[in-house]
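The entries follow the order in which I went through them.

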Amino acid sequence: MNPRAAAHRILGEVRRGTRSDRAASRILPAVDPADRGLTLDIAFGCLRLRARLDAWIRVCADRPPSRMDRAVRDWLRIGAYQLTELRTPDHAAVGETVGAARSALGRGRAGYVNAVLRALARRRGADPGTGPGARPGALATAAPFPDPDVDPVGHLCSWGSHPEWLVRRWLARWELGDVRRLVEHQNRPPDVVVRMLSEGEPAPPDGVELAPVPGWPRSFRLERGLPQTALSGLRAVIQDPAASAVVDYTGGRLGEPVLDVCAAPGTKALGLAAASGAPVVALDISHRRLARLGAPARRLELPVSAAVADARRLPVAEAGTVLADVPCTGTGVLRRRADARWRLGQRGLDDLVALQREIVDACAAAVRPGGLLVYSTCSLEREENEEQVDALLDRRPDYRREPPPAGARDDCTTPRGDLFVRPWLTGTDGAYAARLRRIA
């Protein structure tokens, strides 16, 4: 399948409600392996930068993108992404996109796509600030985007391509410069990082190159080669340093039995088993996602078992350690979940907070006196993080916060001892965790 046509199919499936990673996994097998990287780059780039691309389209079309035929609009985003982000030569970006669109739309609607994309190409070529030789960052301050100094919210929503409600939440909490860095970070594709489960320097297999991630001793960025090739020759898992930090923050000496709740796909469970040597039971409500844990557990020969369970009704009477890795908005991993920012809203956040409360209550009840409960999310939102923990401590006076383990990074530890990985400071995903000891 043509990579642009495949990207268009991914965008269509996401528009109809499928999550981007699942849409990609369905469609990519029909694409030549050599073209899969381009397909993902275009599809996920169009999802992350939807608002930015629509701003470009709006000034080159006779109607706003919101009033366009949806299939036509997706083709325009695909073409605009190549012109403005990939800097694909005009003749290739427009010609290849319109050629693929013509097969799907017919000559009439493909002609409209051609006219708008050629107008965009001319606009960029005529403006020395936005043309192919533009200086880095020039596009960010070019029309059609609001002046970042006059209208910072508008700029972060259009050029920054984030929903306004989320931008306003972050600006109410952090400095404008930090939010700008966070937004830009979330718009970039994530690195592939392996976490080593054994000590010493990794010896990658042929065809694989790794580079250390500064500040994260167990993490190595995949510079060359495929992830599956790297894992075939290493005692390692694919895991962002922020998620690795949650494993390290849980600690190496764990009371048994150890439960990883809401565990799928189970990478943290593997890390806990490797670090502690203790058997880990991974629980998750999704059989499909939990099934992905079996092969790596066997490959790594780690004592990890899996069971399908609703985290609100744990099938365990008592545990020494529980990692409650609860469902969350994932605002710390928006670069990784390309379409997630457009699915989020205040109502969804409120629903998740209620669900997290049920789960953490069930987990707290399962920990025996003297045991450890670690609550974690990949969210940056207070309601899902410290406020959820504070509320639990109010309900459960038999718990107290526990200091972080030795070796925790100061810049990722809050004054109260919680883990809080902020992406704009670390260049990683975001993560939060709190250690809670049951004292009675």
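Which residue forms a salt bridge with Glu402, and how far apart are the closest N and O atoms? I found that the partner is Arg435, with the closest N and O atoms 2.7 Å apart; a salt bridge here is a side-chain nitrogen of Lys or Arg within 4 Å of a carboxyl oxygen of Asp or Glu.

Before going on I noted that this is a predicted model, in which local features need pLDDT of at least 70 and side-chain atom pairs count only at pLDDT 80 or more, while totals for chains, interfaces and linings use all residues. Residues are numbered from 1 along each chain as its sequence is written, and side-chain values use heavy atoms, with hydrogens and water left out.

Helices (H or I, at least four residues) and strands (E, at least two) are DSSP runs, numbered from the N terminus. Both residues of this pair are buried, where buried means under 20% relative accessible area, exposed over 50%, and partly exposed in between (1.4 Å probe, protein chains only).

Next I looked up Arg168 and Glu164, whose side chains meet in a salt bridge at 2.8 Å, N to O. Both lie in helix H9 (residues 164-171), 4 residues apart, which is about one turn of the helix. Arg168 is partly exposed at 46% relative accessible area, and Glu164 is partly exposed at 42%.

A further entry concerns Glu199 and Arg218, which also meet through their side chains in a salt bridge of 2.8 Å, N to O. This pair, too, links distant parts of the chain, with Glu199 in the loop between strand E1 (193-196) and strand E2 (209-213) and Arg218 in strand E3 (residues 216-224), 19 residues apart. Glu199 is exposed at 67%, whereas Arg218 is partly exposed at 25%.

I then searched the whole structure and recorded 37 salt bridges. Arg15, Asp54, Asp74 and Arg77 are linked in a network of them.

Last, I turned to Ser376 in strand E9 (residues 367-377). Ser376 counts as buried because its relative accessibility is 1%. Leaving aside neighbours within four places in sequence, its contacts (heavy atoms within 4.5 Å) include Val246, Leu323, Asp325 and Tyr432.
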